[in-house]
Amino acid sequence: MLSLPEGLLIFVAVSESILGVLGNGFIGLAYCIECVKNKKFSTISFILMGLATSRICLIGLITTDGFVKIFSPEMYSSGYLIDCVTYLWVILNPSSVFFATSLSIFYFLKIANFSHHIFLWLRSDIKRVLLLLMGCLLISWLVTFPLTVKIISDIRAKNRSIVFSVKVHKSEFFRNQILLNLGTLLVFILCLITCILLFISLWRHNQRMLLNATGFRDPSTEAHIKAMKVLISFIILFILYFIGIIIEISCTTMSESKLLFIFGLTITALYPWGHSFILILGNNKLKQVFLRVLKQLNCWRKEKLLRTP
């Protein structure tokens, strides 16, 4: 039986999951329709559709894993379900961060102003950069999958009937988690570097505006600030997401209260839906489509009320 705080936090987590699916589904559908209309598959369409798809799957995985641990932890006693969750996590978590980082780099290359030859080379062909990042993602999978298989095999060798969350030594479990998420952390560091470079570009641009006495609020400055908001929001939400995962892992390995675990689940679910709505509000094209959809839904609701006797 759940207590009132536990029930409220689960309600929040479920609401976040529903909003995440709707928000990311809207982004994916909007760009899918645009690709069909224009008969062209652009780089930004690929990034945002990939980001939306990976996050919808990630939301499903996080929610399913959390609810199984809360309501039916005995389902993990056989070990096969935890194997499935682990393999899916190894695919989906890096993919989500990869597409978010690709979006950050896309904004950076489109907006920033640097004269360095490496930057100019990267900016000349963004698709080339995306292919390099996809190569890094593939290498991450090729490294992580054999490592995951080895970790699971070693654990099973030590415990014939594995209960992954309890029977593994705490220090070993945390070490395994770091190894499994190392690729994701490295990609996130790349996003941090991108954000710092974009900030430097904004500072240099503002200095030039001061020298020329043309003011700050020119289109380039606005683009810099808008991109910075999206990047900083992603970094903050990802840090909260990482903290939520740490709380969940700590509760799983240290047998802490169910309330703390549900709190961790709520924080973890904040990242996939929160960033999607920030992207919608920060992208003029998505924002206009979103407002049109809301207007259409409002008109439909009014028509339904008028028809009701």
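**Helices, cavities and pockets in a predicted model**

Trainee: Which helix holds C35?
Mentor: The model is a predicted one. Helix 1 is the stretch of residues 4–38. C35 is found in helix 1.

Trainee: Is C35 buried or exposed?
Mentor: The relative accessibility of C35 is 11%. A residue is called buried under 20% relative accessible area. C35 therefore counts as buried.

Trainee: How far apart in space are C35 and S45, C-alpha to C-alpha?
Mentor: The two residues are 10 residues apart in sequence. In space, C-alpha to C-alpha, C35 and S45 are separated by 7.4 Å.

Trainee: Where is K39 placed, and what is its phi?
Mentor: K39 sits in the loop between helix 1 and helix 2. Most residues other than glycine have a negative phi. K39 has a positive value, and its phi is near 55 degrees.

Trainee: Is K39 buried or exposed?
Mentor: The cut-off for exposed is over 50% relative accessible area. K39 has a relative accessible area of 78%, so K39 is exposed.

Trainee: What is the class of T63 by relative accessibility?
Mentor: T63 belongs to helix 2. Its relative accessibility is 21%. Buried would need a value under 20%, and exposed a value over 50%. T63 therefore counts as partly exposed.

Trainee: What separates the C-alpha atoms of T63 and T266?
Mentor: Along the chain, T63 and T266 are 203 residues apart. Their C-alpha atoms, however, are separated by 9.6 Å.

Trainee: At what angle do helix 2 and helix 3 pack?
Mentor: Two packed helices are described by the angle between their axes and the distance between the axes. Helix 2 covers residues 43–71 and helix 3 covers residues 80–111, with axes 8 Å apart. The crossing is left-handed. The packing angle is about 145 degrees.

Trainee: How many nonpolar residues are in the contact of helix 2 with helix 3?
Mentor: The contact of helix 2 with helix 3 includes 7 polar and 2 charged residues. The nonpolar residues in this contact number 19.

Trainee: Which helix gives the most to the lining of the largest cavity?
Mentor: The structure holds 2 cavities of 30 Å³ or more, and about 40 Å³ of space lies in the largest cavity. Its lining consists of I47, S102, I105, F106, I126, V129, L130 and L133, which divide into 7 nonpolar, 1 polar and no charged. The most, 4 residues, comes from helix 5.

Trainee: From which helix does the largest share of the lining of the second largest cavity come?
Mentor: This cavity holds about 30 Å³ of space, and its lining is A100, L103, S104, Y107, V230, L231, F234 and H275. Helix 3 and helix 9 (219–254) are the elements that give two or more residues to that lining. By class, the lining has 6 nonpolar, 2 polar and no charged residues. The largest share, 4 residues, comes from helix 3.

Trainee: From which helix does the largest share of the lining of the second largest pocket come?
Mentor: The volume of this pocket is about 290 Å³. It is lined by 15 residues, with F108, L109, F119, L122 and L197 nearest its centre. Two or more lining residues come from each of helix 3, helix 4 (117–124), helix 5 and helix 8 (182–212). The largest share, 4 residues, comes from helix 8.

Trainee: How many charged residues are in the lining of the second largest pocket?
Mentor: By class, this lining has 13 nonpolar and 2 polar residues. The count of charged residues in the lining of the second largest pocket is none.

Trainee: How far apart do the end C-alpha atoms of residues 6–32 lie?
Mentor: The unreviewed UniProt entry annotates several spans as "transmembrane region", among them residues 6–32 and 178–200. In the model, residues 178–200 are 96% helix and 0% strand, with end C-alpha atoms 31 Å apart. Residues 6–32 are 100% helix and 0% strand, and their end C-alpha atoms lie apart by 38 Å.

Trainee: How many helices does the chain have?
Mentor: Of the 309 residues in the chain, 44% are buried. The chain has 0 strands, and its pattern along the sequence is α-α-α-α-α-α-α-α-α-α-α. The number of helices is 11.

Key. Residues are numbered from 1 along each chain as its sequence is written. This is a predicted model: local features need pLDDT of at least 70, side-chain atom pairs count only at pLDDT 80 or more; totals for chains, interfaces and linings use all residues. Side-chain values use heavy atoms; hydrogens and water are left out. Axes are lines fitted to C-alpha atoms, for helices over the stretch in contact, and angles run from 0 to 180 degrees between N-to-C directions. A crossing is left-handed if the near helix is turned anticlockwise from the far one by less than a right angle, and right-handed if clockwise. Ala, Val, Leu, Ile, Met, Phe, Trp, Tyr, Cys and Pro count as nonpolar, Asp, Glu, Lys and Arg as charged, and the others, Gly among them, as polar. On a 1 Å grid over the protein atoms alone, a cavity is a set of points where a 1.4 Å probe fits but cannot get out, and a pocket is an open set with protein on both sides within 12 Å along at least five of seven lines; lining residues have an atom within 4 Å of a point. Grid points are joined across faces, edges and corners, and a volume is the space filled by probe spheres set on the points. UniProt positions are given in the numbering used here, feature names are shortened, and annotations may be inferred rather than shown by experiment. Buried means under 20% relative accessible area, exposed over 50%, partly exposed in between (1.4 Å probe, protein chains only).
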